[in-house]
Structures are given as C-alpha cells and as structure tokens.
Amino acid sequence: MLAKTSRLNVVQLRHRRSLRIQHDVAATMMTMKKRRSIHHHDHIEKGELAPSAAATAAAATAGINEHKVPKLFKKDDSGTTFNYVYRVVLTGGPCGGKSTALNELRTALMTHGSSYDILCVPEVPTILMNGGCQYPGIAAGNKKKLMTFEKALMEAQLQLERSFVEIASSSPERPTIVFMDRGLMDVAAYLPEKTNIWNDTLRALNLTEKMIAQRYDLVLHLVTAADGAEEYYTLENNKEARKETPAQAREIDHKIRTCYERVFHSKVKVIDNSTDFKGKMKRATDFVLEYVK
C-alpha cells in the first residue's frame with residue numbers, strides 16, 4: 001500500500017513539474033513576442049535596419065473600426081506581425097505653427113476612424129531652457145560649452161524618442177504615430193558654420209547622419225511666419241526659449257530645412273505660408289493623413 005501511494009505521489013509530482021514547464025515556456029514565448037516590436041525599432045535606431053527592409057506584407061487590421069492602415073502593421077522576416085510605430089518630425093523656424101499643428105494633427109488622426117494612437121515628444125531645447133539651462137551661444141570662445149550643451153540636448157532627445165517609441169511598441173492593439181517636436185537635425189542648424197562641432201558631437205554620441213536618417217519616416221517643415229506672413233510673426237507663445245528677429249527667424253528656418261533635406265531628401269515636406277494660417281494647418285494635416293493611410 002505504501003509503495004502504491006509512493007508511486008502515485010511521484011506521478012503527481014512529475015505532472016505538476018510538467019505543467020510548470022509548460023507555463024514557463026508559454027510565458028517566455030509571450031515575452032519574446034511583446035519584445036519583438038521594441039527590438040525591431042531598436043535595430044532601426046542603431047542603423048541596423050532600414051524601416052522598409054523589415055516588412056514584406058501588410059497584416060490584416062480587422063477590428064479597428066474597419067479603417068485599414070497597412071503601413072503601420074507589418075511582418076518581420078519570420079512572418080510575425082508587429083505594430084510599426086510611425087515617426088514624424090515637426091520642425092521649421094520660430095513661429096511656424098508647430099504647436100498648433102500638433103494639436104490639429106492629434107485631433108484629426110484620433111478622430112479619423114478612431115484608428116490611431118498619437119504620442120508627442122516635447123521640444124527638448126524648450127524643456128532645458130524652461131528648466132534654467134542657459135544656451136551658451138555660438139561665439140568662438142564658447143566652443144567647449146556649446147558642444148557640451150548640444151551633446152546633452154541630443155542625449156535627452158535620443159532617450160525621449162526611444163522611450164516614446166518603446167511605449168508605443170508595447171501596445172500592438174492599435175497603430176501609433178509618434179510626433180517629434182523637432183528632431184536631431186535641428187541641432188546641426190543651430191551650430192556655427194565652418195566648425196567641426198556637429199561632427200565632433202556625432203562622434204561623441206557614436207552617431208552618423210546615416211543612422212539619424214533611419215530614425216524618422218517623415219519630416220514636416222512648417223515655414224516660419226517671418227517668411228511670407230511677417231505681420232503674424234510673434235514670439236509671445238515662447239518668450240523663454242525664443243528671441244529671434246524676423247530676419248534671424250528666416251535664416252534659421254532656411255538652415256533647418258537645408259539640414260533635413262541633406263539627410264532625408266524626399267522625406268521632407270515643406271508647408272509654406274502661401275495660404276492663410278487655417279489653410280496652412282489643413283495642408284499639413286491632409287498631407288500626414290494621406291501619407292499614413
């Protein structure tokens with residue numbers, strides 16, 4: 001009788017051990033599946049994959065209010081579906097309408113079939129300056145301070161972008177668009193010409209312009225009001241971080257556009273002041289809606 005009981009206990013013990021192993025394997029597979037999307041964006045961030053190289057087909061988007069967004073759901077080389085997080089930079093010279101455009105885009109995309117989750121990375125230079133950091137200026141004697149400031153700014157930008165994309169990737173139920181209020185190439189536009197500060201900063205961060213080119217899918221350049229709508233140019237909405245005259249605003253606007261077009265080429269869409277402000281916002285919104293649908 002004792003022997004029979006002992007054998008029964010052994011069988012039960014083995015059964016429980018088998019169940020635990022099955023549970024551990026299932027949990028591991030689920031964790032790997034959740035991480036696959038994040039790892040995909042990590043590879044893009046490091047320059048290991050171009051966004052288009054990872055996807056070969058669109059996945060079905062049933063259940064998302066019948067609104068299909070095939071660009072945002074893709075399959076990796078193993079055929080596994082992941083949520084592709086679209087990354088859009090909003091940039092341009094001072095008083096170009098970025099803040100308003102972000103609000104317009106958020107409203108339009110979240111109500112466009114209720115198909116998109118929208119995340120917005122805040123403007124890093126404004127965060128630093130509103131927190132008390134002083135921009136050292138571009139005078140020749142400030143080279144070391146300037147490089148320290150811009151390196152720290154780019155480190156903060158990189159981490160914020162990484163965090164927002166990682167959070168977006170962890171929710172595969174709906175496609176997500178992450179808007180960046182300025183991107184990494186804005187830094188290059190604010191550096192003095194005929195210096196090595198930009199390249200030195202990239203080397204310090206183990207970055208290249210080729211790697212930066214793979215971080216964003218679209219760049220929306222909103223031209224400063226100082227260029228074509230000067231009567232509406234104002235810095236009242238950002239006094240702490242902005243002090244440019246209209247002439248300076250036009251100059252920095254041109255530099256920003258040039259820097260992005262050098263790296264992103266056809267990914268840059270320029271929204272000028274050829275219409276009134278309401279028309280400008282509509283053009284920006286319509287372009288993004290068309291681009292991601």
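Which elements do the buried residues of α9 pack against? The views below take up this helix and other parts of a predicted model. Local features need pLDDT of at least 70 and side-chain atom pairs pLDDT 80 or more, while totals for chains, interfaces and linings use all residues. Residues are numbered from 1 along each chain as its sequence is written, and side-chain values use heavy atoms, without hydrogens and water.

View A. Helix α9 covers residues 277–292. Helices (H or I, at least four residues) and strands (E, at least two) are DSSP runs, numbered from the N terminus. The 16 residues of α9 should span 22 Å at 1.5 Å a residue, and the end C-alpha atoms are 23 Å apart, which agrees. The expected span is 1.5 Å times one less than the number of residues. The buried residues of α9 are G279, K280, M281, A284, T285, V288, L289 and V292. Buried means under 20% relative accessible area, exposed over 50%, and partly exposed in between (1.4 Å probe, protein chains only). These buried residues pack against β3, α2 (98–111), β5, β6 (218–222) and β7 (268–271). An α-helix has 3.6 residues a turn, so residues three or four places apart point the same way.

**View B. The largest nonpolar core.** A nonpolar core is a set of buried Ala, Val, Leu, Ile, Met, Phe, Trp, Tyr and Cys residues joined through side-chain atoms within 4.5 Å. The largest one has 37 residues, and M154, M185, W198, I212, Y260 and F264 have the most contacts inside it. The largest share of this core, seven residues, comes from α4. Beyond its neighbours within four places in sequence, F264 is in contact (heavy atoms within 4.5 Å) with M185, I212, A213, Y216 and V219. Apart from this core lies another, of 23 residues, including L109, Y116, L220 and V292.

**View C. L191 in a loop.** L191 sits in the loop between α5 and α6. With a relative accessibility of 6%, L191 counts as buried. Leaving out residues up to four places away in sequence, L191 touches L146, E150, I197 and W198. L191 and K255 are 64 residues apart in sequence, and their C-alpha atoms are 9.9 Å apart in space.

**View D. R87 in strand β3.** Strand β3 (residues 86–91) contains R87. R87 has a relative accessible area of 4% and is buried. A polar atom of the R87 side chain lies 3.2 Å from the backbone oxygen of Q214.

Conventions. Polar contact = N/O pair within 3.5 Å; in protein donor to acceptor, adjacent residues only side chain to side chain.
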